[in-house]
Amino acid sequence: MLINIVRWRVLKENSSEQFEVWREMMDYQKSHPEKVYYTRSRFFTFTEEGSSEESWMFLDEYEHREDYDKWMKAVRQDPELVKLMDEWFPRWDALIVPGSKKGEVWTEVEKLRVEFK
């Protein structure tokens with residue numbers, strides 16, 4: 001398994017707008033599963049007491065590295081996705097606290113996995 005983690009901060013006053021920008025993107029992805037290669041995507045927020053900023057994070061889970069690579073290729077080459085991203089990213093970037101966005105791709109150490117169901 002591979003996880004793409006992206007973290008960023010927004011001003012608390014922009015939290016609702018941030019939610020709407022991401023809701024729009026995720027609604028698109030839900031309605032076009034043939035264009036999406038992750039297994040699951042989840043969002044999290046965190047706010048420190050007294051802070052004027054809210055931290056956001058998403059985790060996209062992929063079963064295989066190849067799935068992540070296919071998604072990255074699609075975002076850069078699929079005409080519909082390219083157009084969507086060209087319109088969407090500036091709206092997201094305008095809400096982000098400058099310098100706060102960080103993305104990482106992690107690979108699971110499967111031999112240490114524990115699951116309870």
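Q: What should I know about the model, and which pattern does the protein chain follow along the sequence?
A: Begin with the origin of the model: it is predicted. Then list the helices and strands. The protein chain has three helices and four strands, and their order along the sequence is β-α-β-β-α-α-β.

Q: What are the dimensions of the box filled by the C-alpha atoms?
A: Taken along the principal axes, the box is roughly 40 × 40 × 25 Å. The protein chain has 117 residues, and 35% of them count as buried. Its accessible surface is about 8,000 Å², with 53% belonging to carbon and sulfur atoms.

Q: How many positive and negative side chains are there?
A: There are 19 positive and 25 negative side chains in the protein chain. The centres of the two sets are 3 Å apart.

Q: What share of the contacts joins residues at least 24 apart?
A: Here one looks at contacts between residues at least 6 apart in sequence. Of these, 72% join residues at least 24 apart.

Q: Now the strands. Which strands pair, and in what sense?
A: Take the pairs in turn. Strand 1 and strand 3 run antiparallel and are joined by ten bridges. Strand 1 also runs antiparallel to strand 4, with six bridges between them. Strand 2, residues 40–46, pairs with strand 3, residues 53–62, in the antiparallel sense over seven bridges.

Q: Which residues stand opposite each other or are bridge partners?
A: Follow one pairing at a time. Leu 2 stands opposite Tyr 62 in strand 3. Towards strand 4, Asn 4 has Val 105 as its bridge partner, and Ile 5 has Glu 104. Phe 43 stands opposite Phe 58 in strand 3.

Q: What lies between strand 2 and strand 3 in their hairpin?
A: Six residues lie between the two strands. In this hairpin, Gly 50 takes a positive phi near 85°.

Q: Is strand 4 buried or in the open?
A: Count the buried residues in the strand. Strand 4 covers residues 102–107, and of these six residues the number buried is zero, so strand 4 lies largely in the open.

Q: Which residues have the most contacts inside the largest nonpolar core?
A: They are Trp 8, Trp 22, Met 25, Trp 71, Trp 88 and Trp 92, in a core of 26 residues. At least two residues of this core come from each of strand 1 (2–11), helix 1 (15–31), strand 3, helix 2 (65–77) and helix 3 (79–93).

Q: What does Trp 71 touch?
A: Residues up to four places away in sequence are not counted. Trp 71 then touches Gln 29, Lys 35, Val 36, Tyr 37, Tyr 62, Leu 81 and Met 85.

Q: Why does Met 57 count as partly exposed?
A: Met 57 is also placed in strand 3. Its relative accessibility is 23%, between the cut-offs of 20% and 50%, so Met 57 counts as partly exposed. Outside its sequence neighbours within four places, the contacts of Met 57 include Ile 5, Trp 8 and Phe 43. Twelve residues separate Met 57 from Thr 45 along the chain, and their C-alpha atoms are separated by 6.4 Å.

Q: Where is Thr 39, and what does it touch?
A: Thr 39 is in the loop between helix 1 and strand 2. Thr 39 is partly exposed, at a relative accessible area of 48%. With residues up to four places away left out, Thr 39 touches Glu 61, Tyr 62 and Glu 63.

Q: Is Tyr 68 buried or exposed?
A: Tyr 68, in helix 2, counts as buried at 11% relative accessibility. Leaving out residues up to four places away in sequence, Tyr 68 touches Leu 2, Asn 4, Tyr 62 and Val 105.

Terms used:
Residues are numbered from 1 along each chain as its sequence is written. This is a predicted model: local features need pLDDT of at least 70, side-chain atom pairs count only at pLDDT 80 or more; totals for chains, interfaces and linings use all residues. Side-chain values use heavy atoms; hydrogens and water are left out. Buried means under 20% relative accessible area, exposed over 50%, partly exposed in between (1.4 Å probe, protein chains only). Contact means heavy atoms within 4.5 Å. Accessible areas come from the Shrake-Rupley method with a 1.4 Å probe; for residues, only the protein chains shown count as cover. Lys and Arg count as positive and Asp and Glu as negative; His and the chain ends are not counted. The place of a charge is taken as NZ of Lys, CZ of Arg, CG of Asp or CD of Glu. Two strands pair if DSSP finds at least two bridges between them. A nonpolar core is a set of buried Ala, Val, Leu, Ile, Met, Phe, Trp, Tyr and Cys residues joined through side-chain atoms within 4.5 Å.
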